[in-house]
Structures are given as structure tokens and as C-alpha cells.
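Me: I am new to this structure. Please take me through it in short steps.

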Amino acid sequence: MHEIGKRYRFSASHRLHSDEFSEAENVRVFGKCANPYGHGHNYVVEVRVEGDPDPATGWVADRARLDRLVEEQIIQRLDRADMNCDIPEFGELVPTTENLSIVIGRWLQQSWAGAFPDGGPRLAGLRIEETPRNSFELTL
Amino acid sequence: MVVITRKAEFSASHFLQNPDWSPERNKEVFGLEARPHGHNYVLEVSVAGEVDPVNGMILDLKELKQVINREVVDPWDHRFLNHEAPPFDTVNPTVENVAAEVWKRLESAIGAGGARLDKVRLYETSDLFCDYRGPG
């Protein structure tokens with residue numbers, strides 16, 4: 001079994017803040033991540049795909065199809081976006097990168113069969129770098 | 001059990017093709033990868049084993065380095081994989097197939113002293129890698 005990882009980039013802003021908390025609690029829990037106007041990161045998302053290479057191509061997953069799927073499902077939604085305002089999933093859910101990895105995982109899972117209708121590659125997981133020093137890994 | 005990882009680099013050129021397809025079909029499927037070009041490959045070889053109580057190691061890293069050089073770096077560095085590095089005259093040198101060939105070359109050489117090859121990770125670019133843990 002092979003597993004490939006392909007890395008993509010998007011830049012987005014978020015603010016960590018919960019309506020369940022008072023302003024003082026938000027500041028205590030989220031620190032500067034709760035500042036009122038939000039802040040941004042250059043995110044890197046590494047998409048992991050497992051399977052056996054197709055004998056005709058030597059590829060676990062067709063690169064163009066994978067790129068197109070990621071572009072449509074992730075980059076177009078998140079690049080130069082304000083997550084709290086532009087992403088309906090973060091209407092109430094706090095856009096931590098833990099939650100972001102779960103949301104992105106769901107987007108990819110929902111569209112996977114459309115992108116790879118002949119079966120084959122399986123979405124194994126993803127890893128998101130919020131900054132070069134913080135990363136979050138989701139196994140699916 | 002402990003896993004140790006040794007890193008190596010080699011630079012090589014390749015192109016991707018299926019010889020049964022027309023040039024147009026190859027270009028359609030493989031895109032830019034159908035053109036001859038090169039990469040700085042980065043290889044991470046992970047070996048698992050029990051720590052020897054006397055020397056405190058699972059294997060001699062110097063020997064691991066020598067094996068990687070002999071089996072992979074020396075034959076492939078600054079070579080054109082499709083033309084000069086069998087089996088890539090007949091096997092399409094995708095990152096998946098190159099990683100599997102690295103596994104094949106290293107597995108028997110490393111399996112000797114109780115340690116075993118755990119994983120091969122091969123980066124074709126910093127944005128694309130393949131992990132391989134052997135057949136099956």
C-alpha cells in the first residue's frame with residue numbers, strides 16, 4: 001500500500017471566540033486569538049491519499065483530479081477568506097485549526113466519490129500547518 | 001521498539017509516460033510530467049528495531065548510510081531515470097514507483113541484524129511525497 005501526501009496553500013483569517021463565554025472568558029481562553037477583528041495565517045494543507053498505484057499510470061491518484069478537487073473544495077472556499085464570516089460551518093463553531101481540519105475532511109469526503117468515481121484511491125487523512133510551528137493531523 | 005530515520009538526497013531527471021499510449025494521451029494524462037525534467041529528491045529511510053543493550057543502537061547509522069548510498073544514491077544521483085536507471089526503462093518513474101523500488105533495494109540489505117525497514121518516504125518536491133511500507 002502506498003500513501004501520497006500533496007501540499008496546498010491558502011491564506012485566511014479567523015477569530016477564536018465563543019458566544020458561550022463572556023468577553024473576559026474569551027480573552028482568558030483564546031488570548032490574542034480573540035482580538036476583535038481577527039487575524040490571518042498562511043495555511044498549508046497536506047492531503048493524504050492511499051491505495052495501490054494504477055498499473056497504467058503508476059499513480060495512486062490522478063494528480064489533475066486531486067488538484068481540481070482541492071481547488072474546488074478547499075482553495076476556492078478558504079483562500080483570502082474570513083472564516084468566521086465567509087464559511088457557514090463557522091457560524092457557531094469556533095474556527096480553530098482542529099475544527100478546520102474536521103470541516104475540510106468532511107468537504108473532501110462528501111466530494112470524493114464524484115472526483116474518483118472508479119473507486120481506487122482512499123482519502124487517508126490530512127495535516128494542516130497553521131504556522132510553520134503548529135500543525136494538526138486528522139486521520140480518516 | 002525504536003524507529004530511526006536517515007535522510008539522503010539525490011538529483012535526477014525523469015519523465016512520465018505509458019508506452020502503450022499516444023503522445024497526445026500521455027500529455028493529456030501526465031501534463032507537464034510528460035516532459036523530460038528533474039527533481040531534487042529527498043529520501044527518508046526509517047528502520048525499526050530493539051535497542052542493543054551493549055552499544056545502545058538499533059543499527060549502525062554509518063552502515064545504513066553506506067547501504068543507502070550503494071543502493072540508491074550512487075546509481076541514481078545525476079542520472080536520467082528512464083534512460084540510465086533500470087527498472088525505470090520499463091517502469092514509469094512516478095514517486096510511488098520510485099519509493100517502491102527504494103524499498104525493494106533496501107529491505108534485504110537492512111533486514112540482517114534484527115532491525116527491519118519500517119518506512120520509506122520519498123519527496124519528489126517539497127509539496128509531494130510518497131510513503132511506502134512494503135507490499136501487502
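Me: In β3(B), which residue is the bridge partner of A12(B)?
Reply: Keep in mind that this model is predicted. β1(B) and strand β3 (residues 79-80) of chain B pair in the parallel sense over 2 bridges. Within β3(B), A12(B) is bridged to R79(B).

Me: β1 (residues 2-14) of chain B also pairs with β2 (residues 37-49) of chain B. Is that pairing parallel or antiparallel?
Reply: The two strands are joined by 13 bridges. At one point R6(B) faces V45(B) of β2(B). The sense of this pairing is antiparallel.

Me: Which element gives the largest share of the side of chain B that touches chain A?
Reply: On chain B, 16 residues are in contact with 14 residues of chain A. Two elements of chain B give two or more residues to that side: α4 (95-110) and β5 (128-132). The largest share is 5 residues, and it comes from β5(B).

Me: Which residue of β5(B) stands opposite E3(A)?
Reply: Strand β1 (residues 2-14) of chain A runs antiparallel to β5(B), with 5 bridges between them. In β5(B), the residue opposite E3(A) is D131(B).

Me: Which element gives the largest share of the largest nonpolar core?
Reply: This core holds 53 residues. V47(B), A99(B), V102(B) and L122(B) touch the most other members. Leaving out residues up to four places away in sequence, L122(B) touches Y41(B), L43(B), V95(B), V98(B), A99(B), V102(B), F129(B) and C130(B). The largest share of the core, 7 residues, comes from α4(B).

Conventions. Residues are numbered from 1 along each chain as its sequence is written. Chains are lettered from A and ligands numbered from 1 in the order in which they are written. This is a predicted model: local features need pLDDT of at least 70, side-chain atom pairs count only at pLDDT 80 or more; totals for chains, interfaces and linings use all residues. Two residues are in contact if their C-beta atoms, placed from the backbone, lie within 7 Å. Helices (H or I, at least four residues) and strands (E, at least two) are DSSP runs, numbered from the N terminus. Two strands pair if DSSP finds at least two bridges between them. A nonpolar core is a set of buried Ala, Val, Leu, Ile, Met, Phe, Trp, Tyr and Cys residues joined through C-beta atoms within 7 Å. A residue is buried if 20 or more other C-beta atoms lie within 10 Å of its own, exposed if 12 or fewer, and partly exposed in between; C-beta atoms are placed from the backbone.
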